[in-house]
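Q: I would like to learn how to read a few features of a protein model, step by step. Could we look at one together and discuss what it shows?

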Amino acid sequence: MKEALIQIAMAAIGTLGFSIYFRVREKNVLASVAGGAIGWIVYLVIYHFTNDVFIGNFAAAFIVYLWAEIMARVLKAPSNTYLIPGIIPLLPGGPLYYTMSAIVEGNHELFAENGLKTVFITFGMAAGMVAAAVIVHYLLKIKKVKSKRKATE
């Protein structure tokens with residue numbers, strides 16, 4: 001439990017750093033940092049139950065995307081303000097480093113193992129964001145159609 005809390009705190013701090021780097025406005029920083037922390041919490045919970053990096057990253061990226069869209073509407077800012085820093089903790093830094101290290105050292109077994117993990121993490125993140133984007137798109141489309149119907153009545 002203590003290790004998970006430390007990981008969540010570090011995810012929040014990492015998100016804060018990238019929020020500063022990307023010059024997120026002060027009024028949006030807290031929501032941006034919260035998105036990174038929420039994403040990491042979701043990843044830890046899903047990974048704990050499934051032990052699958054693809055599903056964990058899929059769910060976490062899905063939630064971070066939804067968070068970014070909600071905060072964009074609530075705080076009236078572009079969703080990228082929350083999405084880009086919020087997704088940073090999910091990036092496969094360690095596996096990517098070990099993949100590159102293994103290829104340089106000529107260790108094909110370690111390269112394949114870490115390379116596959118890197119690919120699963122990356123595709124999980126991409127698939128989660130795409131799935132969330134499709135859902136948001138259709139929800140907004142439904143809302144627009146309902147608004148038009150009410151206006152014509």
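Q: In this predicted model, is tyrosine 43 buried or exposed?
A: Tyrosine 43 counts as buried, because its relative accessibility is 11% and the cut-off for buried is under 20%. Tyrosine 47, by contrast, has a relative accessible area of 30% and is therefore partly exposed.

Q: How are tyrosine 43 and tyrosine 47 placed in helix H2?
A: Both belong to helix H2, which covers residues 26-50, and they sit 4 residues apart, which is about one turn of the helix.

Q: What describes a pair of aromatic rings?
A: One gives the distance of the centres and the angle of the planes. For tyrosine 43 and tyrosine 47, the centres are 5.6 Å apart with 15 degrees between the planes, and this aromatic pair is stacked. The count of aromatic pairs comes to 8, and Phe18, Tyr21 and Phe22 form one aromatic cluster.

Q: How are two packed helices described?
A: The description uses the angle between their axes and the distance between the axes. Helix H3 (residues 53-75) packs with helix H6 (residues 108-152) at an angle of about 35 degrees, and their axes are 7 Å apart. The crossing of H3 past H6 is right-handed, and their contact has 19 nonpolar, 3 polar and 3 charged residues.

Q: Which residues of H5 are buried, and what do they pack against?
A: In H5, the buried residues are Pro95, Thr99, Ser101 and Ala102, and the buried residues of this helix pack against H6. After H5 comes glycine 106, with a positive phi near 80 degrees.

Key
Residues are numbered from 1 along each chain as its sequence is written. This is a predicted model: local features need pLDDT of at least 70, side-chain atom pairs count only at pLDDT 80 or more; totals for chains, interfaces and linings use all residues. Side-chain values use heavy atoms; hydrogens and water are left out. Axes are lines fitted to C-alpha atoms, for helices over the stretch in contact, and angles run from 0 to 180 degrees between N-to-C directions. Helices (H or I, at least four residues) and strands (E, at least two) are DSSP runs, numbered from the N terminus. A crossing is left-handed if the near helix is turned anticlockwise from the far one by less than a right angle, and right-handed if clockwise. Ala, Val, Leu, Ile, Met, Phe, Trp, Tyr, Cys and Pro count as nonpolar, Asp, Glu, Lys and Arg as charged, and the others, Gly among them, as polar. Buried means under 20% relative accessible area, exposed over 50%, partly exposed in between (1.4 Å probe, protein chains only). Contact means heavy atoms within 4.5 Å. Rings of Phe, Tyr and Trp (its six-membered ring) pair if their centres lie within 6.5 Å; planes under 30 degrees apart count as stacked, over 60 as edge-to-face and the rest as tilted.
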